[in-house]
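Me: Hi! I have a structure open and would like to talk it through. Can we start with a ligand site?

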Amino acid sequence: MSQYTNIIVIADQIQGDLRPVTMELLGAASELAEKLGVKTHAIVMGSQISHIPEVLIHNGADEVYVVDQPELKEYSTLTYRRAAITVIESLPKPPHIILCGATTLGRDLAPRIAAYFETGLTADCTELDIGDYVHKGKADPNKTGTFNNCLYAIRPSFGESLKARILGPWKNPQMATARTGAMIPFKTDTTRTGKITPMTVKFEDSDFRLKVIETVREVSSDLDLLKAKVIVSGGFGLGGPEGFEVVRDLASAFSESAVGSSRKAVDSGWIPYSHQVGQTGKTVRPRLYIALGISGAIQHRVGMSNSAMILAVNKDESAPIFQFAHYGIVGDLFEIAPLLKEQFKQAVPA
Amino acid sequence: MSDGLRMAVLIKQVPDTSSATGVNPDGTVDRARAKKMINPFDKFALQKAIEVRNARGGEIFVISMGPPPAIAVLHEALEYGADKGYLLGDRRLAASDTLATAYALYKAVLYLKDIDIIFTGLQTTDGDTAQTGPQIAERMGVPQISYCETMEIEGKTVKATRIIDGGVQRLEVEMPVLITVANSAVKLEHKRFANVYKTKQALRDKDALADKIFTVDLDEVEADATRVGLVGSPTVVGKTWKIGEKGGSCKVFKGAAPKHEVELLVDEISKDERGVMEFVL
Ligand SMILES: Cc1cc2nc3c(=O)[nH]c(=O)nc-3n(C[C@H](O)[C@H](O)[C@H](O)COP(=O)(O)OP(=O)(O)OC[C@H]3O[C@@H](n4cnc5c(N)ncnc54)[C@H](O)[C@@H]3O)c2cc1C
Ligand SMILES: Nc1ncnc2c1ncn2[C@@H]1O[C@H](COP(=O)(O)O)[C@@H](O)[C@H]1O
C-alpha cells in the first residue's frame, strides 16, 4: 500500500449532463495516481444522476462517491459545498489531491472547499504532475524541508508568457482546478469496474440561503465548441456583428464545425460569451482552427494553441498570430474567407 | 439615507501590460518599473456598485490590499464615484497567496461593519485565479454569486443571473452576499464612467481626500499576522519558465493576387499530414 492517500476528482455535471472536463480530470488523475501508487476516486453530486457513476468508472475512476438528493437538482454553491465537504470529511484521512474543472462551476466551488480546509488551490492549470520539492526559504522555518511526491500544479502566468509551477506540500488535500481541453481524457473502457458508494448529506437551513430559480442552458452552441473538429473564429478585425456572417459561412464548409471568437468581439457585443476562446473563455483543441481578424494576444493563444493546425488570416503581416500559426495568409478577411471556402470545396471532389 | 446599502468593492492595483513601460522585450513584466492600473475587471465591479448606489442610495467603500503606491487606485475609484477608500497596507502581507489574501480582505470587510454587498472583479490580470472572491465569501459565511451578469435589488433581496457553462442561472439571495461581476455585466456604453470628469473636478482639492482615504494595517483590522504573508500562505511558486515559442514555423502566403495565394495555401494544406481535408463538406 502506498503511503499516500487517494486522489479525488469532483465531477462537473449540470442537470445530469456530465461535462467533458470531468473525463479530462480523470485522465490526469489516473496518471498522477499511478505515479503515487494510489487510486482515483470521484465525487458526483446531483439529483437523479444514477447513470453517471458508471460513466466515471469507465473513464478512470476506481471508486465513486455519489450524493444523489433532490436538494442538489440545480447547482448551488452552498448545497454543493456542503455535499462535497461532507464526503471529504467522512474519509479516514484527507485525500492527497483534489481536482476540479476550471469551469464556471468548479471556479465557484473549489475556492470555497479550499478555504474551508485552509489549504492551497491553484487555479486554471494546464498541466499536472507529481514530483519532489525542496523548500529553502528561511522566512518560515516550519516550511523548510524536502517534500516528496507533491502535486505540481502548472499554469500559465498571464500577460507574462511564462509558465509557473505552484506547490503546496505542507497540507493535504493539495488542490487544483484544470482548464477544459488542457488534459488528455482517459481512454474510455466500458468493461472497467469499480466501487460505487452512495452517501447521504444532511443539509443545514443556511445552505438554502441561495435560491436557484431556474437554470437555462443553450446546450448546443457550447458543446459544439468543445467537440468541434474545425473551429472558425472571428476577432475585432470583423468590424461588427455582421462580420460573423463571413465566419459562419466559412464554417459551413466543414463538418463538425463551430464558431469561436476573441474576447474583443465578445466585449463589443458582437457574439455571446459562450463563443469566446481563450484565457477567460474556452480552451479548444480542434483539428483545424481558422482565425479571421484575430491578432493572437497571449490570452487568446492559450485557449487555442493546442489545435492540431492553425490557419490565420490577418491583413497585418506583423500580427503576433503569425508567430505561432502553422499557415497564414496576409490579406483582407472579407476577401480571403470566401476564397478559402471555394478553394477548400474545390480541393475535395464531391 | 436609512435604507441605503453599505457596499464594499475590492480593487487591486496590477501592472499595465498594455503599456510598453516595464514590459521586457521577451514579454515578462518588470513589476518595479511597470506602469500600474486598476485591475480592469474591478472597474466593472465598481461600475456595478455605482449603478446600485445611484438607484438605491447608500455608500461605497473601496478596499485595496497592497503596498503604499496602491493608494492611487483608491484615488481613481473615488474619482469614478466611490465614497471612501481603504488601503490595507502592511509589510507582513507581502507574498500572500489567494488564501491569505482572502483572509486579510475578509478582516478588512469586517472592519467596515455591516456590509450588505461585497463586490469583486471576476479575476485579476496578474494573480488571475478568480478565487479571492469566493474565498472571502467562505470566510464570511455568506453566499456568493460568481460570474454575475445582471442584478436587481428589492429591499435586502438580490435577484441575479449568473453565467454557467452553456447558459445562465437565475438566483435569489438575501444580503449579505458577495458578488463577482462578469465583464459582460456592464453594458458597453456604460463601460466608460460617465461621471468621471465631474467628480474629478471636485477632488482636485486634495484636502477633500483627507477624510475619504485611509490606510489601515493588520492590527487595526484585527487580523492574525500568522495567517497572512509567506507564513500564512499554503502555496508557493516553485519555478517559472518561458512558454515554448513555436515561432518561425508559420508558412505565410501573401501577394497581389489573393486568389492565387489561397490556391497555393489550400494545396499545401491538402498535403499536410495533419489531415484536415476529411472535414470539408
Ligand atoms: C485578463 C485577460 C483575459 C483575457 N482573456 C481573453 C480571452 O479569453 N480570449 C481572448 O480572445 N482575449 C482575451 N483577452 C484579450 C486579449 O488580450 C486581446 O485584447 C484580444 O484577444 C484581442 O482580440 P482581437 O485579436 O480580436 O482584436 P485585436 O487585437 O484588435 O486584433 C484584430 C486583428 O484583426 C486584424 N484585422 C483588422 N481588419 C482586418 C481585415 N479586414 N482583414 C483581416 N484582418 C483584419 C488586425 O490586423 C488585428 O491583428 C484577455 C485580456 C486580459 C487582460
Ligand atoms: N490585493 C487585492 N486587493 C483588493 N482586492 C483584491 C486583491 N486581490 C484580489 N482582489 C479581488 O479579488 C478578485 C479576484 O482576484 P484573483 O483571485 O486574484 O483573480 C479581484 O478582481 C479583486 O476584486
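Me: Which residues are closest to ligand 2?
Reply: The closest are Leu10(B), Asp42(B), Thr124(B), Thr129(B) and Thr132(B), among 19 residues that surround ligand 2. A residue counts here if one of its heavy atoms lies within 4 Å of the ligand. Keep in mind that this is a predicted model: local features need pLDDT of at least 70, side-chain atom pairs count only at pLDDT 80 or more, and totals for chains, interfaces and linings use all residues. Residues are numbered from 1 along each chain as its sequence is written, chains are lettered from A and ligands numbered from 1 in the order in which they are written, and side-chain values use heavy atoms, with hydrogens and water left out.

Me: What does the side chain of Thr129(B) do there?
Reply: An N or O atom of that side chain sits 2.5 Å from an oxygen atom of ligand 2. This is a polar contact (a pair of N or O atoms within 3.5 Å). The backbone takes part as well: a polar backbone atom of Met65(B) is 2.9 Å from a nitrogen atom of ligand 2.

Me: How much of ligand 2 does the protein bury?
Reply: The protein buries 97% of the 480 Å² that ligand 2 exposes when taken alone. Those areas come from the Shrake-Rupley method with a 1.4 Å probe.

Me: OK, on to ligand 1. Which residues are closest to it?
Reply: Phe236(A), Ser262(A), Lys264(A), Thr280(A) and Ser295(A) are the closest, and 27 residues surround ligand 1.

Me: Why is the site of ligand 1 called shared?
Reply: Because the residues that surround ligand 1 come from chains A and B, the site is shared between chains.

Me: Which polar side-chain atoms lie by its oxygen atoms?
Reply: One belongs to Gln299(A), 2.7 Å from an oxygen atom of ligand 1. For His300(A), a side-chain N or O atom is 2.8 Å from an oxygen atom of ligand 1. The protein covers 83% of the 980 Å² of accessible area that ligand 1 has on its own.

Me: New topic: how many residues do the two chains put into their contact?
Reply: Chain B gives 87 residues and chain A gives 94, where contact means heavy atoms within 4.5 Å.

Me: What area is buried there?
Reply: About 8,300 Å² is buried between chain B and chain A, and carbon and sulfur atoms give 55% of it. Buried area is the accessible area (1.4 Å probe) that two parts lose on being put together, summed over both.

Conventions: A polar contact is a pair of N or O atoms within 3.5 Å; within protein, one must be able to donate a hydrogen and the other to accept it, and residues adjacent in sequence count only if both atoms are side-chain atoms.
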